[in-house]
Amino acid sequence: MKSAVIVFPGSNREGDVVRALRMAGSDIQKVWHAETELPKGTDLVVLPGGFSYGDYLRCGAIAGRATVMDAVRAHAARGGLVLGICNGFQILCESGLLPGILMRNANLRFICHRQFLKVERNDTPFTKAYAQGQAIDVCVAHGEGNYTADEETLKRLEGEGLVAFRYSDAHGHVTADANRNGSMNSIAGIYSEKLNVLGMMPHPENLVEDLVGGTDGRGLFESLVSFAKAA
Amino acid sequence: MIRNDVAITPELVKEHGLKPDEYDRFVQLIGRTPTLTELGIVSAMWNEHCSYKSSRIHLRGLPTKAPWVIQGPGENAGVIDIGDGLACIFKMESHNHPSFIEPYQGAATGVGGILRDVFTMGARPIASLNFLRFGEPDHPKTPHLVSGVVAGIGGYGNSFGVPTVGGSVGFHPRYNGNILVNAMAVGLARTDEIFYAKATGVGNPIVYLGSKTGRDGIHGATMASAEFDDASEEKRPTVQVGDPFAEKLLLEACLELMKSGAVIAIQDMGAAGLTSSAVEMGAKGNLGIELDLDKVPCREEGMTAYEMMLSESQERMLMVLKPGMEQQAEAIFHKWGLDFAVIGKTTDTLRFVIKHEGEVKADLPIKELGDEAPVYDRPWVESPRQPVIAPGSVKAPMTEAEALLKLVGSPDQCSKRWVWEQYDYLILGNTVQTPGGDAAIVRVEDGPKGLALTTDVTPRYCEADPFEGGKQAVAEAWRNITAVGGLPLAITDNLNFASPERPESMGQFVGCIKGIGEACGALDFPVVSGNVSLYNETNGQGILPTPAIGGVGLLDDVTVNASVAFKRNEDAIILIGA
Amino acid sequence: MKARVTVTLKNGVLDPQGKAIEGALKSLGVEGIGGVRQGKVFDIELDTADKSQAEASLKAACEKLLANTVIENYRIEIA
Amino acid sequence: MKARVTVTLKNGVLDPQGKAIEGALKSLGVEGIGGVRQGKVFDIELDTADKSQAEASLKAACEKLLANTVIENYRIEIA
Ligand SMILES: Nc1ncnc2c1ncn2[C@@H]1O[C@H](COP(=O)(O)OP(=O)(O)O)[C@@H](O)[C@H]1O
C-alpha cells in the first residue's frame, strides 16, 4: 500500500503517523502542501495532526484551501482513501470533504488525555481489524474538537451510519462523562457518504506500541493496509 | 562624525538602569558622551540579565565538567554526549516578570525563548518542562495568573509540536507579587552537527531571519522619555506576543539551512534582541560587527535605531553565513514564508558599528561591551541558622489519618493533572513516562536509549538553610532520575532570588550556589547551562530562595524503567535509604 | 482604504465559547448578562482607492476564507 | 437590551493571526489586501432596561474578562 502524508507548514504529528503506517507495512511519501498532484499510485492520503497554518482563524480553515487539497478532493472523488486525524479532521470539514465543524472544547481548554472510543461499525476500510462496539483506548490532544453540525446533517450522519467513533467509557458505553469536549452525539469521528473518507479527533497513531501506552491504535492502520492489499 | 541629538541627562541614565559609576565607566571606555542608541546598547549589555554582574563570581564555583560534557555554560544551551553519535542539548530559563504582567503571553514567549536557545544549536526539541510557583491559592490574582500561565505554556508548546512532559507547581504567599515561570527545553542533535555563536572570518555576511521587528518589549521607562509620536493616545504596550507557528517555521528553516552547510555561526535574538546577539557573535569570534539597520525587516513604520537595537520581538535569529551562500539560504527561508535579509558583515576592527539612514548611530568597542561589564562582589550575610526542633517536643496537632487527608488535599501535594492535561505530552510518540511521576522519560528517536527529565527544588528548605537546600535540590533531581531507572548526567539551573542588593538575599544566593556545587561535585552531576533571575520581589518582600534544578539522565535501554504506580496486589513494599 | 469585516455565528448555531463566557461572567459577579455570542472582526487595509474594487476583494476574502458560510454570516463596512 | 463589545489589539502589538490570514489571502489570489488585524466581537443580551446600569455591567465585563487590557482595547455600543 502507498500512503501520501500531506505536510503543511505547521503540521507536527506527521512523524507520528508515518511511524504507525510504517509499522503496519505501508510505503510512505510525504507531500508538501504546495504540490498540485499526489504521487502516482497513492492508495491512502493522510492529513496529519498539527496546527497547519497556526490555526489562528478557524482550525484547518487556511489548510482546507491549500493547493494540494484539490488533488486530495479529486482522489476522494475517485473513491480513494483519505484519513484526517485531529487537525486533519478539521481540514476535511473546512475543505468540504466532510460535513460539520470542530468548535472550541466545551471547557475552552486544550485537553490531552487517554480516551476510550466506541467503534460504531467494523465493515469499513478503516475498522476491519476491530469488533463492532469494541472500546479502543487511544488519546486525544486538542483545543477544538467539539463536533458541531446542524440537525439535518446529524440526522443524516446517524441515519446512514456515518458516525465512525464515539467517546465512551472502557466498556463502550457512550456516557456524558466520556464526552469531555462537548461534541454533539459524542461524535469523535465521521465517514463520508461512500465510507472512503474518515475524519477523527483522537490520535490512534500515538497508541501503536506498548512502551508508549498501548496498541489499540494499530488496528486502524492494519485495517487500511490489508484493505489496500486486497483491492 | 557621530552625532548626538538627544542630551544624555542623569535622569535618562537612571531610567536605563545604569548606576552613575557604571555610566562613568562607560564614558571612560569610549572616551566621549554616548549617543542615545549607544546608551540603549550598553544598558542592555550591562543589565543584570545579560551581564550576570552580581552573580558571576559566585557561579564560577560550580562544577561544569565531566567526560560526557561537550559544552558547558556560556553558549545558548548546554550539550552532553549520550553515545551513538548523539548529543542532548538543554537549558532552563525564567520569564517571571513578563508572566506576572501578562500571564498567557509571558509564559508563551518564555517557552518560545527556551526552545529557540536549543534549536539555535542545531538540535530538534524533543521535550519541554516547566517549573511554576504562584502566590496563595486564595490571593485574588492567583487564579488568573495560574490559568493564564498554564494556558500560555500549553498554547505555545502544543502548537510548536513539542511534548511538555514534566514540571512542578507550588504555591506560597511569598510569590503573591512575583510568580515564577521557568521553562526548560531539551533537544537532540548529532555530536558533529552542533552550532555555536562564535563568528569567524572577516567580511562574512550577517543575516537576519524569522519574523519582522516591532516595538515589542522596549523598556517602558525609556519609551516614555524618548520622543515618539505623542499623537498615539494609548501608552504603547511593551508586552511581547508569541507566535508559535512562526517559531515552528523558524525551526524547520534553521535546521534545513544548517544541513546545507551555509551556517558559520548562529545566535537567537532573545532579551536585548539584536544588540546582544550581534555583540556576542562578534566578541566570541574576536571580530567586529557592522550592521546597516535600513535592511532590517520592520513590522512598524518609522522605527529608530534605538528601537531596533532594543526590540524584543520574538521568533528571530541572527546568523553569519559562508560567503556566496546567501541566495541558497534565502530560498530556504522563503520556502518557509519567513523574512530574510543580509543586514551587515563581520569586520576586523573589533568595533560594533550601527548605521541607519546614512548616519553612524553607534560605534563601540565590541569586546569591552561584554568583558568590561561591571562585576560586583556584593556584600552578603550568612543566613541565620534555624534552631533544630527535637521531634519529641512537637505535639501532634491531628491524627495521622487527618494529617494524611490534609496533606494529599493541599494545593502543593494534590494531583497536578489539571495542569498537565492542558499540555500535549504525547506528541512525537516517544513519551514513555508521562507527567505525574518522579521524572518523565522520553525515548531517543526509535530507541533503545531514553532520557529521564525532571525539575525540582523545595524553596522552604532553601529558606531554612540555603546550603542544605541547594544540596537537597540537586539530590532530589538526582533521585528522581534514578527512581525511574536513569543514570543522572547533568543539570541546568534557574536561580530565582530576591534583590542582590540586600545582603540577606545575597547570602541566600551564595549559600544555595555553594550547596548546589557541593552536591553536583559529589554526585558527578555537572551544571552545563543555567539562568539567573534576581530582583524577584515586590515592595521589599522577596520571594523564597528558589534555585530550580532541571536534571537530565540517560537510560541505555528505555524499556527497562520503573514508575511510581504499585503494580500488583500482595507485592512487598520496601523502604530504603537513610 | 480601510474596512472592517464582522463575522458572527448564524442564529441557531451553538456557541460553546459564548456560553462559557456567560458562565464566567456570572461567576465573576458581573450582573445583568442574559446571553453572549462571540464573533470575529477583521480590520483590513486595502491597497486600492476604488470602492467597488475594494468591495469585490472583501467579498472574495469572506467567501473564500474569513467566514465559514455554513455556520457564519459576515458583514463588510468600508470606512 | 442588546449591546456589542468590540475588542481589538492595541497598535503595535504583534498579531500572528492577522499575519497568517494576510498570507493566506494572498496565496488564495485575493487582490488588494494590504494588512489584516483580527479582533473579537461579543453580542450581549442584557437583562436590564436601564442604560447606565447596562453600561456599568458591560464595562465590568470588559475589564474583568472580555478584554486583556494590557494588550487590547475595547469599545462598547449599546443598541
Ligand atoms: N507544570 C507542570 N508541567 C508538567 N508536569 C507537571 C507540572 N507540575 C507537576 N507536574 C507533574 O506532576 C508531578 C508532581 O507535581 P509536583 O508535586 O508539583 O512536583 P514534584 O513531584 O516535582 O514536587 C511532577 O513530577 C510532574 O510529573
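Tutor: A salt bridge here is a side-chain nitrogen of Lys or Arg within 4 Å of a carboxyl oxygen of Asp or Glu. The model is predicted, and by this rule the count comes to 55 salt bridges over all chains.

Student: Which residues are linked in a network of salt bridges?

Tutor: The network joins R58(A), R65(A), E94(A), K40(C) and E72(C). One of its members, E72(C), is also among the residues that T8(C) touches.

Student: How do you know that D243(B) and K19(D) meet in a salt bridge?

Tutor: Their side chains come to 3.4 Å, taken from N to O, and the rule asks for a nitrogen of Lys or Arg within 4 Å of a carboxyl oxygen of Asp or Glu, so the pair qualifies. Between chain D and chain B the count is one salt bridge, and three residue pairs there are in polar contact. On the side of chain D that touches chain B, the residues divide into five nonpolar, four polar and two charged.

Student: How many residues does that contact take from chain D and from chain B, and what area is buried between them?

Tutor: Chain D brings 11 residues to the contact and chain B brings 14, and the buried area is about 1,100 Å², with carbon and sulfur atoms giving 58% of it.

Student: What is the count of salt bridges between chain D and chain C, and how many residues are in contact?

Tutor: Here the count is zero salt bridges, although 31 residues of chain D are in contact with 31 residues of chain C. Among the five pairs of chains that touch, the most contacts are between chains C and D. The area buried between chain D and chain C is about 2,600 Å², of which 64% comes from carbon and sulfur atoms, and the two chains have 14 residue pairs in polar contact. Two or more residues of the chain D side come from each of β1 (2-9), α1 (16-27), β2 (33-46) and α2 (51-66) of chain D. The largest share, 14 residues, comes from β2(D), and by class that side of chain D has 15 nonpolar, eight polar and eight charged residues.

Student: What makes strand β2 of chain C and β2(D) a pair?

Tutor: Pairing requires at least two bridges between the strands, and strand β2 (residues 33-46) of chain C meets β2(D) over 13 bridges in the antiparallel sense. The two strands therefore count as paired. One of the residues that takes part is I44(C), whose bridge partner in β2(D) is V36(D).

Student: Why is T8(C) called buried?

Tutor: The word is used for residues under 20% relative accessible area, and T8(C) has 18% relative accessibility, so the residue is counted as buried. T8(C) lies in strand β1 (residues 2-9) of chain C. Leaving aside residues up to four places away in sequence, T8(C) touches G39(C), I71(C), E72(C) and N73(C), along with R4(D), V41(D) and D43(D).

Student: How do you know that no contact joins chain B and chain C?

Tutor: Contact means heavy atoms within 4.5 Å, and no such contact joins these two chains, whose closest C-alpha atoms lie 12 Å apart.

Student: Why is R568(B) called exposed, while D571(B) is called partly exposed?

Tutor: Exposed means over 50% relative accessible area, and partly exposed is the range between that and the 20% limit for buried. R568(B), at 60%, is therefore exposed, whereas D571(B), at 35%, is partly exposed. The side chains of D571(B) and R568(B) meet in a salt bridge at 3.4 Å, N to O.

Student: What are R502(B) and E504(B) called by that rule, buried, partly exposed or exposed?

Tutor: R502(B) has a relative accessible area of 27%, so the residue is partly exposed, and E504(B), at 42%, is partly exposed as well. Their side chains meet in a salt bridge at 3.6 Å, N to O.

Student: Why is strand β9 of chain B called largely enclosed by the rest of the structure?

Tutor: The strand spans residues 288-292, and four of its five residues are buried, which is why the strand is described as largely enclosed. Four bridges join β9(B) to strand β11 (residues 339-347) of chain B in an antiparallel arrangement, and four bridges join β9(B) to strand β12 (residues 351-356) of chain B in a parallel one. E290(B) stands opposite K345(B) in β11(B) and opposite V353(B) in β12(B).

Key. Residues numbered from 1 in each chain as written. Chains lettered and ligands numbered in written order. Predicted model: local features only at pLDDT ≥ 70, side-chain atom pairs only at ≥ 80, totals over all residues. Heavy atoms only, no water. Buried area = accessible area lost by both parts, 1.4 Å probe. Polar contact = N/O pair within 3.5 Å; in protein donor to acceptor, adjacent residues only side chain to side chain. Nonpolar A, V, L, I, M, F, W, Y, C, P; charged D, E, K, R; others polar. Buried < 20%, exposed > 50% of the residue type's maximum accessible area, 1.4 Å probe, protein only.
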